[in-house]
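User: Hello! I would like a close look at one part of this model, with its backbone details spelled out.

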Amino acid sequence: MTNAPVKKVPIHLQSSQNRLLIKNGRVVNDDGMEEADVYIEDGIIKQMGRNLIIPGGTRVIDATGKLVMPGGIDPHTHFELEMMGGKTADDFYKGTRAAVAGGTTTVMDFVLPQKGQSLLEAYSNWRSRADSKVCCDYALHVGVTWWSPSVKKEMEQLVNEHGVNSFKMFMAYKDAWMLDDYQLMVAMETCLELRALPQVHAENGSIISRNTEKLLAAGVTGPEGHQLSRDEEVEAEAVTRACVIANQANSPLYIVHMMSKSAVQALRIARTKQRPPVYGETLAATIGTDGSHYKNACFRHAAAHVLSPPLRPDPSTPEAILQALADDDLQLIGSDNCTFSEKEKELGKNNFSKIPNGVNGVEDRMSVLWQKGVNSGIMDPCRFVAVTSANAARIFNLWPQKGRLAVNSDADIVVWDPRLERTITAANHKQAVDFNIFEGLRVVGSPQYVVVNGRVCFDDGELRVVEGLGKYLKTEANSPFVYGGEVPSRSPVNEAPHDIERSTNGTPTHGDLLLVSKQLEGMSVTSSGCSTPTGRKMREAGVRNLQNSTFSISKEMEGLDTKTSVRVRNPPGGRSSGLW
């Protein structure tokens, strides 16, 4: 039996960053803020409070005037992905390097098997790409891009043996990754059996395919055709359908990269009605820019903004999505970082349907949200932590090791300077891609220090990452946040099925007699020979028969708000009135 290889960490990192004290800052978690120092040792938070007793030789970071927050968790990245004839510019080293520079200390990438490929084989390929390169911790979702009994068996193996608790299905990309509704429901039912979380890319792939044919036939070949082929209605319909299918399967659901007001409205309606829960994710791109760029005369510029679902031309979309994040109509913000170079975007120069889909965002996600959401007053710092970190940790069962600053949690920490000003530009970003969709955006508020597993990897503006330092995170199934209690049956379909015995000659069967006897329980026979429930008085002469009344409860209720529950929109711990 051979021992597994041990990663070698440079001696200067072993000695100089083993112990760390962050003092004089304001600690921000999703449920509140407090003045506290944070002492870290061996990658774990050991103490929190004031006037801590710490050993000598500890490095001290003075966080006066700064916020001390959990490191970001980006729930949606695509590093080293081969797609539509191209390969992403950011591999697992360059991508996680950029993530750390922006304050993200954990990424969740997607294993996407080709149709017919073994899920386990694809998972192994992703691990081999990532393990030696990642600069921060990472976890994996696995795509279900085709269906057969073998896929179900491999899903079970991935959950039980490899720590995968989420599977992504596509309602788009017809003839590539798209599942039909039957396959989608079976996959969701399998997730429920495994206590895993199904994720869905919600767009109507069949409508997109037909619209694309018509646009190309009409001579629309440029990037503007991408958005025209898949407008808001196409996304909203798929969101509604995905929620219906999940409800029929009695399964929770996570909808990735929601991009439009119409889609969010569909999700909002579903969230008021459904149990198990439904979660919605949006992107930094959605709040940081818009679909007007598809009309840019420069192909390079327009194509660089192509992703699916697309950015929306409605200029009110970014603020509406921000408000949905603040109000808990959406629960997370990711990046969907899937970057392609100018050369690879040009694969669709004469046909928009061949432009590789994807944009940047892993590096700028947190700063863009802070600028657009917190500086504008739409959300407070606690809600910022919830949507950038804590909610992802809870949903994917990484809590409280990730997503929270508390004793015994992992020391993944961002010291955030709310006054630090910078302008986002491709000229100085850390990503490998040659374009930035947030080009020229001025942001106030960015990381000053980023601590990954107890080591300062972004040190007062200087990036000091170590390739291969990160580790693979197993995400255990049966997340208490998702499956916190028994999942109720939604309808008799979910109860134990039974056949009804029927006779062929009109003679009651044994089952029929049992049913009749049950119906007669509690009934008394009157002198007229009619049966009524025991204790109910016969109607006296002259009294109006209410059974013949034209009064209808359902008619009286029409137009009224019949919501069965009320959702509190404040974050845990209430809203903050400001930073200080």
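Where does Pro400 lie? Please take me through that part.

Analyst: Happy to. This is a predicted model, where local features need pLDDT of at least 70, side-chain atom pairs count only at pLDDT 80 or more, and totals for chains, interfaces and linings use all residues. Residues are numbered from 1 along each chain as its sequence is written, and side-chain values use heavy atoms, with hydrogens and water left out.

Pro400 lies in the loop between α15 (381–395) and β18 (413–423). Helices here are DSSP runs of H or I with at least four residues, strands are runs of E with at least two, and both are numbered from the N terminus.

Although Asn397 is not a glycine, its phi is positive, about 60°. Asn397 is partly exposed at a relative accessible area of 21%; the term covers values between buried (under 20%) and exposed (over 50%), computed with a 1.4 Å probe on protein chains only. Asn408, in the loop between α15 and β18 as well, is another residue other than glycine with a positive phi, near 85°.

Pro309 sits in the loop between α11 (299–303) and α12 (317–326).
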